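Hi,

Here is the structure I promised to pass on. Please have a look at it first, and then read my notes below.

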Amino acid sequence: MSAPILGVDIGGTKVAVGLVDREGRILKQARKPMIANGTADAALEAVTNAIDSLLSQTSDAVQSIGICAPGPLDPKTGVVLNPPNLPCWRNFPLAERIAAKYRVPVKVDNDANAAALAETRWGAARGFRYVFYATIGTGIGTGIVFDGAIYHGHTGSAGEGGHVTIDYQGPVCSCGKRGCIEVMAAGPAIGARARAKLNADPKRSSAMLDLAKGNIASVTSEMVGQANASGDPLAREVLLETVELLTAWLGNIVDLLDPDVVVMGGGVAAMLHPFFDEIKKRLPGWCVNPRASDIPLLMAHYGAESGIAGGAALL
């Protein structure tokens, strides 16, 4: 049996690491806190501490290390450029520093690209050639895989589907553009839409208010999902508006890429899973592609471990 691959998922607050076999099974994993606002070396030490913690629990030799890191980054060189969530790393040679310590091959990519590859190799998109993957949660990240390889584009920055504008007069996104799908349909936008509806009609009863203990300002996207699951009409109205926005966006993606599968992961995608058939039904109205409704829309195989599996898939 070949040695496992070490997958590393670096976030703004945590480092998750796992040993992954050649079939994409996560054999063992661990988590440690990330140090995002200190020095570059302190952040690197947080990563190596997490790796060392896991390696101390196994006698297996690690074959290689794949890392999901916040972008922007250069996947060819493994240099992290200027990530907003990790201000301590600017033009930081992450792959080179990790390879020097552990003396194995190291690859670095962003989390959505890597998760898209994991889904293609081992998950929901296995057997498909043209894969579009989206993770929808607090933000929206996407990855494109063609014939088993991540499509990076000319500079390595391709696949930023979460920042495709669907309303040029819409709200300003954290990226600086207006009306990105992320600012319109990710978790915070769903919560904001629910709060706006409740404020517009304070007398209207809703399970969302019960979950928020009567405080409209406390309503979150998670509460919208819980209320919808209990049959709340206002929560369903909020989610159907989100479905329409996502369908318009996916119509652009389908017309541009013509994928043979669309895979969605993340907390908001899980909440919207019951609406996947509704998205497929509405998709032809937002596409020129006459076969848009034939494209499978699937829930991702990997959940919270998508970063670990994604890191391993890079190798």
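**Aromatic pairs**

Searching the whole structure turns up four aromatic pairs (rings of Phe, Tyr and Trp, the last by its six-membered ring, with centres within 6.5 Å; planes under 30 degrees apart are stacked, over 60 edge-to-face and the rest tilted). One of them joins Tyr-130 and Phe-146, edge-to-face at 6.1 Å centre to centre and 75° between the planes. Tyr-130 belongs to strand E9 (residues 130-136) and Phe-146 to strand E10 (residues 140-146), so this pair ties together parts 16 residues apart in sequence. (Helices, H or I with at least four residues, and strands, E with at least two, are DSSP runs numbered from the N terminus.) Phe-146 also pairs with Tyr-151, and that pair is tilted because the planes are at 40°, with the centres 5.8 Å apart. Together, Tyr-130, Phe-146 and Tyr-151 make one aromatic cluster.

Before going on, a word on the source: this is a predicted model, in which local features need pLDDT of at least 70 and side-chain atom pairs count only at pLDDT 80 or more, while totals for chains, interfaces and linings use all residues. Residues are numbered from 1 along each chain as its sequence is written, and side-chain values use heavy atoms, with hydrogens and water left out.

Helix H5 (residues 187-200) has 14 residues and reaches 20 Å from first to last C-alpha, close to the 20 Å expected (1.5 Å times one less than the number of residues). Its buried residues include Ile-190, Arg-193, Lys-197 and Leu-198 (buried is under 20% relative accessible area, exposed over 50%, partly exposed in between, with a 1.4 Å probe and protein chains only). Helix H8 (233-257) is one of the helices that the buried residues of H5 pack against (contact means heavy atoms within 4.5 Å).

The structure holds 13 salt bridges (a side-chain nitrogen of Lys or Arg within 4 Å of a carboxyl oxygen of Asp or Glu). Glu-241 and Arg-193 form one of them, at 4.0 Å from N to O. Glu-241 is in helix H8 and Arg-193 in helix H5, so the pair ties together parts 48 residues apart in sequence. Arg-193 is buried at 16% relative accessibility, whereas Glu-241 is partly exposed at 33%. Lys-197 and Glu-237 form another salt bridge, at 2.9 Å; this one also links helix H5 to helix H8, across 40 residues.

Best wishes
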